[in-house]
Amino acid sequence: MIEFLAHSQKNFIHILRISVFIVMAWIGGLKAFHYEAEGIIPFVANSPFMSFFLNKKASDTDSYKVHKNKEGEVIPNNIKWHEANGTYVFSYALGSFIVGIGILVILGIFYPKIGLLSGILTAGMSFVTLSFLITTSEAWVPDLGGTEHGFPYLSGAGRLVIKDIIMFGAGLVIASDSAKSILNKAS
């Protein structure tokens, strides 16, 4: 068993690539649906890397907090607000970018230079996502009278974000493996 595991690293890295592709394709694909687009708005509106893509600022009186739909909920006025805000257009573009990274990750199995780029993009995207822990108050349990709130108490949104630390590591492993393949072909 130890010998099998020791000699299977390259195959396991390919499994890692396939796993990253599945997550990227699925999550990126969901960005085409209103509930997902509306769900990412707290992160996007508070992000110094992304908020400029939206038409409304998080600090606006008429902000996303006033127009938040629960998953599966359809409130026409909120949908109109998100349309005016650019929520859906941004989400479609972001989803396309994420799916594109996923495709590059798979292509990296066959093309190491594409694999290197896809690993760097995966790690970079994950770094941006992890920044939401700093920029988005919804990542932490709010103070609603209990004793367990704020750091280190992650909310559902925060628990979703913290998992990107695994994608960050996966991106670095993919980039490293691809760089190794490039160097091996050059020598």
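Two residues are in contact when they have heavy atoms within 4.5 Å of each other. By that criterion, and leaving aside neighbours within four places in sequence, Thr129 is in contact with Val161 and Asp164. The model is predicted, so local features need pLDDT of at least 70 and side-chain atom pairs count only at pLDDT 80 or more, whereas totals for chains, interfaces and linings use all residues. Residues are numbered from 1 along each chain as its sequence is written, and side-chain values use heavy atoms, with hydrogens and water left out.

**Thr129 and Asp164**

- Thr129 lies in helix H6, and Asp164 is placed in helix H9; helices are DSSP runs (H or I, at least four residues) numbered from the N terminus.
- Thr129 counts as buried at 16% relative accessibility, and Asp164 is buried with a relative accessible area of 14%. Buried means under 20% relative accessible area, exposed means over 50%, and partly exposed lies in between (1.4 Å probe, protein chains only).
- The side chains of Thr129 and Asp164 make a polar contact at 3.5 Å. A polar contact is a pair of N or O atoms within 3.5 Å; within protein, one must be able to donate a hydrogen and the other to accept it, and residues adjacent in sequence count only if both atoms are side-chain atoms.

**Ser91**

- Ser91 is found in helix H5 and counts as buried, at 0% relative accessibility.
- A polar atom of the Ser91 side chain lies 2.8 Å from the backbone oxygen of Lys31.
- With neighbours within four places in sequence left aside, Ser91 is in contact with Lys31, Ala37 and Ile40.

**Nonpolar core**

- The largest nonpolar core has 27 residues, of which Val20, Met24 and Phe90 touch the most other members. Elements H2, H3, H5, H6, H7 and H9 give two or more residues to this core.
- A nonpolar core is a set of buried Ala, Val, Leu, Ile, Met, Phe, Trp, Tyr and Cys residues joined through side-chain atoms within 4.5 Å.
- Leaving aside neighbours within four places in sequence, Val20 is in contact with Val105, Thr122, Met167, Ala170 and Ile174.

**Pocket and cavity**

- The largest pocket has a volume of about 1,000 Å³. Its lining has 36 residues, of which Lys31, Glu36, Ile40, Phe43 and Leu160 lie nearest its centre.
- H3 gives the most to this lining, with eight residues.
- The structure holds one cavity of 30 Å³ or more, and about 30 Å³ of space lies in the largest cavity. Residues lining the largest cavity include Tyr64, Trp81 and Asn85.
- On a 1 Å grid over the protein atoms alone, a cavity is a set of points where a 1.4 Å probe fits but cannot get out; a pocket is an open set with protein on both sides within 12 Å along at least five of seven lines, and lining residues have an atom within 4 Å of a point.

**Cis peptide bond**

- Phe151 and Pro152 are joined by a cis peptide bond, with omega about 5°. Most peptide bonds are trans.

Methods:
Points joined across faces, edges and corners; volume = space filled by probe spheres on them.
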